[in-house]
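Hello,

I am handing over the structure below. My notes on it follow.

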Amino acid sequence: MNIHEYQGKALLSQYGVPIQRGLLATTPDEAVHAATLMQEQTGTGWWVVKAQVHAGGRGKGGGIKLAKSLDQVQELSSQILGMQLVTPQTGAVGKKVHSVLITEDVYAPGPTPIQEFYLSVLLDRAKGGFVMVYSPEGGMDIEEVAEKHPEKIYREWIDPTIGFQAYQARRVALNLGLKGQAFKQMVVFCQKLVQAFEGVEASLFEINPVLKTSDDRILAVDAKVNIDDNALMRVPEIASMHDPREEDPTELKAASFNLNYVKLDGNVGCMVNGAGLAMATMDMIQLSGGSPANFLDVGGTASAERVAQAFNIILEDPNVRAILVNIFGGIVRCDRVANGIVEACKSLGDLRVPLIVRLQGTNATEAKAILEASGLPIRAAITLEDAAKAVSDSLKA
Ligand code: GDP
Ligand code: MN
């Protein structure tokens with residue numbers, strides 16, 4: 001589960017990780033009020049207005065602006081609130097901005113030059129542990145750094161049995177080129193960051209940039225936090241940070257029906273029982289010249305109601321030009337599934353696209369007969385080859 005920057009920073013702060021402070025606002029007036037409070041608390045006279053959406057690259061998309069007066073806070077907040085923010089990570093449609101974080105400006109010049117670093121903690125599945133990935137080249141696209149200057153990306157693996165060691169934190173500070181007070185602060189920053197990562201059951205913390213201020217403090221300026229969905233029941237206060245406005249509406253609807261649905265950008269909708277078979281079906285669609293419009297695992301129960309819900313979800317996608325149902329009748333009998341499909345089709349009326357149904361397993365032959373006798377424009381198949389051919393025929397038609 002993804003959370004917003006302001007929520008991620010609140011979690012970091014709870015664990016003692018120093019952050020660029022801010023207050024949330026949902027209207028321009030609230031933003032001005034927040035800026036006034038920020039000024040009282042931090043003495044700042046410049047503020048940053050930061051769009052809160054689940055996507056990075058907000059700065060590039062115009063969702064992060066520096067305000068040098070309260071009037072500018074008002075003006076920039078009214079520009080950013082309600083805008084459809086397009087960043088390199090949102091896709092062309094962008095994301096609607098419902099709130100802004102008004103932060104102190106922490107880039108003020110001072111005795112030493114400011115520096116931006118990249119620092120993340122994530123799961124390394126291959127090594128069975130966590131890894132801290134960091135670079136002195138922060139603030140910008142880390143993918144670009146990885147491509148052009150891979151030698152500037154460092155890794156520190158964390159052994160889960162002994163945890164993150166102090167010498168590792170010192171190595172991070174050293175590789176980032178820090179000295180004196182900033183070095184010490186970075187060591188503590190890394191240690192607390194790992195504690196926070198483990199404490200909130202995260203699967204990703206990406207802090208870009210981590211800032212060394214001109215008075216040698218180390219602060220988290222950004223916070224991209226992803227929480228492990230499977231651990232949400234252990235952290236209910238974090239589960240409640242879920243913001244459904246950030247999710248794809250069709251995926252939310254599918255989740256409410258307990259359907260395992262992921263939208264993709266192809267043209268063949270598919271409905272399958274079992275995740276493995278769903279993956280294989282998507283491959284098959286690709287091989288037959290189409291591309292999958294979605295991943296959809298309906299699970300073990302393929303009742304008429306469930307099939308109808310699944311069809312509705314698939315048909316919400318205007319790119320869908322054919323639907324392939326691929327169900328293996330092991331526990332559930334194919335003839336029952338066939339009856340379910342026929343009933344669902346009748347209740348939905350015109351499906352608008354060709355429907356190809358492959359039922360294999362217990363009573364597959366009876367199922368094919370039921371589909372063919374239904375009088376509905378369903379192309380029934382038993383073998384995968386048959387189904388694949390039907391898919392490619394319907395795309396050519
Ligand atoms: P992202 O673009 O979504 O990654 O959002 P960030 O929170 O990382 O902010 C983007 C950029 O805004 C940073 O890399 C900084 O260059 C800039 N920025 C953030 N906070 C401040 C600030 O306090 N003062 C100034 N001058 N710039 C800031
Ligand atoms: Mn960032």
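**What was found**

Valine 121 stands opposite methionine 132, a residue of β8. Strands here are DSSP runs (E, at least two residues), helices are DSSP runs too (H or I, at least four), and both are numbered from the N terminus. Two strands count as paired if DSSP finds at least two bridges between them.

This is a predicted model, in which local features need pLDDT of at least 70 and side-chain atom pairs count only at pLDDT 80 or more, while totals for chains, interfaces and linings use all residues. Residues are numbered from 1 along each chain as its sequence is written, chains are lettered from A and ligands numbered from 1 in the order in which they are written, and side-chain values use heavy atoms, with hydrogens and water left out.

**Strand β7 and its partners**

β7 and β8 (residues 129-135) run antiparallel and are joined by 7 bridges. Their hairpin has 4 residues between the strands, and glycine 128 there takes a positive phi near 65°. β7 (residues 115-124) is also joined to β10 (residues 202-212) by 7 bridges, again antiparallel. Leucine 119 has isoleucine 207 in β10 as its bridge partner.

**The four-stranded sheet**

An open, antiparallel sheet is formed by 4 strands in the order β1-β6-β2-β3. β1 (22-25) and β3 (64-67) are at the edges with a single partner strand each, so one side of each has no neighbour in the sheet. On average, neighbouring strands of this sheet are turned by 25° against each other, direction ignored. Axes are lines fitted to C-alpha atoms, for helices over the stretch in contact, and angles run from 0 to 180 degrees between N-to-C directions.

Helix α1 (residues 5-14) packs on the sheet and touches β1, β2 and β6, where contact means heavy atoms within 4.5 Å. The direction of α1 makes about 50° with that of β6. Helix α3 (residues 70-80) lies across β2, β3 and β6, at about 165° to β3.

Within the sheet, β2 (residues 47-51) pairs with β6 (residues 100-104) over 5 bridges. Alanine 51 stands opposite valine 100 in β6.

**Ligand 1**

There are 18 residues around ligand 1, and Lys50, Arg58, Gly59, Asp105 and Val106 come nearest; a residue is counted if one of its heavy atoms lies within 4 Å. A side-chain N or O atom of aspartate 105 is 2.5 Å from a nitrogen atom of ligand 1. Polar contacts are pairs of N or O atoms within 3.5 Å; within protein, one must be able to donate a hydrogen and the other to accept it, and residues adjacent in sequence count only if both atoms are side-chain atoms.

Regards
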